[in-house]
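Please open the structure in your viewer and keep the selection panel at hand.

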Amino acid sequence: VDDADEGSSNRSSYESLPVLEGEVEAEDVAAAGKRSLDGGGVDSCVDSAKNDETISDDRLRRGNLDEFLSWAFFGTSYSSASADQSKVKALEGFYEVLEKEAGLTFEPGTHPSYRPRSFTLEDVRSLYRPHGVYAAVALAKGGTNLTLRLLGFRRHACGRGLAYWHRPPDRGRRLGQGMTPPPFLFFHGIAPGGHAPYAPMLLLGLLRG
């Protein structure tokens, strides 16, 4: 920086910020501050306090969380969960974790503006798709199963009904000092065609080793 510009570079930020085609002058800033202290600033503070109070009143209440947590963890309504002391104790533990780990507290009662969605408990209006959609999904799923079998995978199921695909490790593949590579586990979510949408990623991972 040149010596000639050193003085100008030390100016306050409000003196160097352009506003439209001019620059903010120190007198203008002082006048604006005086106007806000004379009346406008007080009104703004009062309005801000009112807004904070409204926001506080709009917070979720404990009753809203009771309904949501009962459905999310127990698959039932709070009226049913509250009849089971073990579930009531579990709900109390959830609130302790929320308060301890996240600093969240919830006032008692139920806010009328909030209603948690309980998808598995709500009435569902069925909408059937064309037969071609189901045929395409079945074709994709069958093609993926066949591809996995050709790659050496075999389908298994545990006693609780969990189905999975497994491929034995390559005995000829070794890491350093005779160690075999660690197992690779892949858990997929719910998708049309089961694991068919994830097949390209699985195949790419196998190609890369």
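Begin by selecting Leu98, which has its place in helix α6. Please note that the model shown is a predicted one.

Select Phe106, which lies in the loop between α6 and α7. Which residues does Phe106 touch, once neighbours within four places in sequence are left aside? The contacts are Leu60, Arg61, Arg62, Leu65, Tyr95 and Leu98. One of them, Tyr95, is 11 residues away from Phe106 along the chain, and the C-alpha atoms of the two are separated by 8.5 Å.

## Second stop: the salt bridges

Side chains of opposite charge can pair when their charged atoms come close. The structure holds four salt bridges, and three of them are visited here in turn.

Select Glu107 and Arg61 together. Their side chains form a salt bridge, with a distance of 3.8 Å from N to O. Where in the chain do the two partners of this pair lie? Glu107 is in the loop between α6 (85-102) and α7, while Arg61 is in the loop between α3 (26-57) and α4 (62-74). The pair thus links distant parts of the chain, 46 residues apart. Glu107 itself is partly exposed, at a relative accessible area of 42%.

Now move to Glu122. Which residues are linked with Glu122 in a network of salt bridges? The network consists of Arg115, Arg117 and Glu122. Between Glu122 and Arg117 the distance from N to O is 2.8 Å, and between Glu122 and Arg115 it is 4.0 Å. Colour the three residues by accessibility to compare them. Glu122 is partly exposed, with a relative accessible area of 23%. Arg117 is also partly exposed, with a value of 42%. Arg115 has a relative accessibility of 63% and counts as exposed, because that class begins over 50%.

Select Thr76, in the loop between α4 and α5 (78-81). Is Thr76 buried or exposed? Its relative accessibility is 15%, and Thr76 therefore counts as buried, the limit being under 20%. Show the residues around Thr76, without those up to four places away in sequence: Thr76 touches Ser70, Trp71, Ala81, Lys87 and Leu121.

Switch to a surface display and select Tyr128, Val133, Tyr134 and Val137. These four residues form a nonpolar patch on the surface, and their accessible area together is about 410 Å². Tyr134 is found in helix α7. With a relative accessibility of 43%, Tyr134 counts as partly exposed.

Arg154 has its place in strand β3 and is partly exposed, with a relative accessible area of 39%.

## Last stop: the whole protein

The protein has eight helices and four strands. In what order do the elements of the protein run from the N terminus on? The order is α-α-β-β-α-α-α-α-α-β-β-α.

Consider finally how the chain is arranged as a whole. Of the 209 residues, 11% count as buried, and Thr76 carries that label. The accessible surface of the protein comes to about 17000 Å², with 57% of it belonging to carbon and sulfur atoms. Among contacts between residues at least 6 apart in sequence, 45% join residues at least 24 apart.

Terms used: Residues are numbered from 1 along each chain as its sequence is written. This is a predicted model: local features need pLDDT of at least 70, side-chain atom pairs count only at pLDDT 80 or more; totals for chains, interfaces and linings use all residues. Side-chain values use heavy atoms; hydrogens and water are left out. Helices (H or I, at least four residues) and strands (E, at least two) are DSSP runs, numbered from the N terminus. Buried means under 20% relative accessible area, exposed over 50%, partly exposed in between (1.4 Å probe, protein chains only). Contact means heavy atoms within 4.5 Å. Accessible areas come from the Shrake-Rupley method with a 1.4 Å probe; for residues, only the protein chains shown count as cover. Patches are made of residues with over 30% relative accessible area and no salt bridge: like charges are joined within 9 Å, nonpolar side chains (Val, Leu, Ile, Met, Phe, Trp, Tyr) within 5 Å.
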